[in-house]
Amino acid sequence: MGDPFGNGPEISVKALMDPELSKRCRPLIVGDYTSMDYAAKVAAKVSGLDVKLNPIKSVSEAKFEYGTIDVLDMGIVPAESIPNTLDLDAPKPFKIGASKLGGEAAFNYVRKVIELAMAGEIDATVTNALSKEAINMADHHFSGHTEIYAHYTNTSKYTMMLAHENLRVVHVSTHVSLREACDRVKKDRVLECIRIANEGCKALGIKEPKVGVAGLNPHCGENGMFGTEEIEEIQPAIDAALAEGINIPEKAPTPPDTVFSKALGGWYDIVVVMYHDQGHIPLKVKGFVYNHEKKAWDAVAGINVTLGLPIIRASVDHGTGFGHAGDGHANELSLTNAIDYAILLANAKKEG
């Protein structure tokens, strides 16, 4: 469900009330009934959705019936923490922001879905946004979902993949400072990410993936003039991957300012990027579309998949939206896309 005081509950309601979704999978929400009940009432008022909730304590109790959302109720958020008004023209009732309660709840939802997936009770997990600040306020010292999943599945070799339509990226590093990110560009880690990217594409049904590898420095360092990471770390990783039979069309790192245009043009199925923003910025430029005339987002698309885990995890590629949560206008497109990616990965896994 994501942070109970963020946009997760309301976009969950919108996504799960799509009649086509129930034909593609059997969804249930792990979260708090109190939060989902408020989100359902907001959806009824703003969007005219007739939402029924089925609070459950185990997967076996789920009805999986369209029009009824099964909520595995963790019972963490008390009713008095949820607004008792639907006056959406009043000051936003959900302007709570990052809080210890929200962080504790969101963290425990994630732990629960990991537990269910590891036990084989569910086929895939999809996460709404949580607040890194909030979970740390609750004394859970992780920098994000990816690290929580890695810890509780005992996974040491993993990476984040962002995707929107035919643009996919995986990251050598994510939630660290830019200074530290540069230091993490090492041959072994780059090679590891190339391998994971290759296998991730195969898990999506791409039989012969084409992998692009971004450089770190402007112009890939200009033969050492602007940095030596391409020479000392990235190229050796590429050479090792090529020797393993992985298809890297250019056989060398590609300048970061052109690699994404080439990926959109079909040169690559996936791009290995060296740090967080090198991958996030192009994905969000493509997937996040703001309508200046309407003063609203036409699209907030794109998804996040953690590759290398023993279970499937897909996620929205946006934040909690604390400033707008609870008003019924959050866009569910990224969540719908994440669910579809999870279905795709689950089906491919079953087919073997």
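**Pockets and their linings**

Modeller: In this predicted model, I begin with the second largest pocket, where strand S10 (296-300) supplies the largest share of the lining, 3 residues.

Colleague: Which other strand supplies at least two residues of that lining?

Modeller: Strand S9 (288-291) does, alongside S10. The lining of the second largest pocket counts 17 residues, and Trp297, His324, His329, Ala330 and Asn331 lie nearest the centre.

Colleague: What makes Trp297 a lining residue of this pocket?

Modeller: A lining residue must have an atom within 4 Å of a pocket point; Trp297 is among the residues that line the second largest pocket, so it has such an atom.

Colleague: How many residues of each class line the second largest pocket?

Modeller: There are 7 nonpolar, 7 polar and 3 charged residues, and the space in this pocket is about 500 Å³.

Colleague: What is the volume of the largest pocket, and which residues lie nearest its centre?

Modeller: The largest pocket holds about 770 Å³ of space, and its lining of 34 residues has Arg26, Pro27, Leu28, Ala124 and Val126 nearest the centre.

Colleague: Which element gives the most to the lining of the largest pocket?

Modeller: Helix H12 (333-351) gives the most, with 7 residues, while helix H1 (8-16) and helix H4 (100-118) are among the elements that each supply at least two.

Technical notes
Residues numbered from 1 in each chain as written. Predicted model: local features only at pLDDT ≥ 70, side-chain atom pairs only at ≥ 80, totals over all residues. Heavy atoms only, no water. 1 Å grid on protein atoms, 1.4 Å probe; cavity = no way out; pocket = protein on both sides within 12 Å on 5 of 7 lines; lining within 4 Å. Points joined across faces, edges and corners; volume = space filled by probe spheres on them. Helix = DSSP H or I, 4+ residues; strand = E, 2+ residues; numbered from the N terminus. Nonpolar A, V, L, I, M, F, W, Y, C, P; charged D, E, K, R; others polar.
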